[in-house]
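Hello,

Here is the structure I promised to pass on. Please open it alongside this note; my findings follow below.

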Amino acid sequence: ASSSPSQDDFHPQTDRRADNDRMSSGWDGVLSILRCPVTGYELVRKNGCLVTEDGSRRYPIVDNVPVLLPEHSLFALDRYEPRTDGGDHDSGAVRHNLRRLTTHLPTLSRNYGTERNWARLADELREIAKREGRRTRVLVVGGRVAGVGAQLVLDSGDLDILETDVVFGPRTHLVCDAHDLPFESESFDAV
């Protein structure tokens, strides 16, 4: 785990709907660990977007959710651009891409060890926090909705949780591609 970003300012909301401004106050801690998924450069807020420190790359913030997708991602960045006509964001292309992907993925089934594993993870993270005297950070990849048993960790008030996905959802804090995670190395205690 890295000690460079401040542990005190990393407090994203668990439910995206509970906070109307994703990039304010507590999100400064998240901004401090965000990196451009292509260059690895730090990002700054500028004109409603996240921009690399050298100004060479720009990522939109849509409905207060940062969208950090590289050009080479299967998920085209321009599909996430904010609408200027005041309408809802069109995610039809995203749904099409997801349908295409999911035809090649195995089906999900009930895993009877899942809840025990989540409980064990939560206990281990609390032990780290106690031993090191700090809050622990968890990155959830594919966090649009909570998975089976995940509530044991996600609803824990003593863990800092950041939920990412390639689509917007009730729990999505940040849109990114799992192949190009946009974070400073060693920013999380568990993924």
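**Thr172 and its contacts**

The side chain of Thr172 comes within reach of the backbone oxygen of Val167, at 3.1 Å. Keep in mind that this is a predicted model. Where does Thr172 sit? It is found in the loop between strand 6 (159-165) and strand 7 (174-176). Is Thr172 buried or exposed? Thr172 counts as buried because its relative accessibility is 0%, and the cut-off for buried is under 20%.

Now to strand 4, which covers residues 65-68. In a regular strand, side chains alternate between the two faces of the sheet. Here, Val65 and Val67 point one way. Pro66 and Leu68 point the other way. All four are buried.

Strand 4 pairs with strand 3 (residues 58-62). The sense is antiparallel, over two bridges. Val62 has Val65 of strand 4 as its bridge partner. The two strands form a hairpin, with two residues between them. Asp63 is in that turn and has a positive phi of about 50°.

Strand 4 also pairs with strand 7. This time the sense is parallel, again over two bridges. Which residue of strand 7 stands opposite Val67? That is Val175.

So much for the findings. Over to you.

Best wishes

Terms used. Residues are numbered from 1 along each chain as its sequence is written. This is a predicted model: local features need pLDDT of at least 70, side-chain atom pairs count only at pLDDT 80 or more; totals for chains, interfaces and linings use all residues. Side-chain values use heavy atoms; hydrogens and water are left out. Buried means under 20% relative accessible area, exposed over 50%, partly exposed in between (1.4 Å probe, protein chains only). A polar contact is a pair of N or O atoms within 3.5 Å; within protein, one must be able to donate a hydrogen and the other to accept it, and residues adjacent in sequence count only if both atoms are side-chain atoms. Two strands pair if DSSP finds at least two bridges between them.
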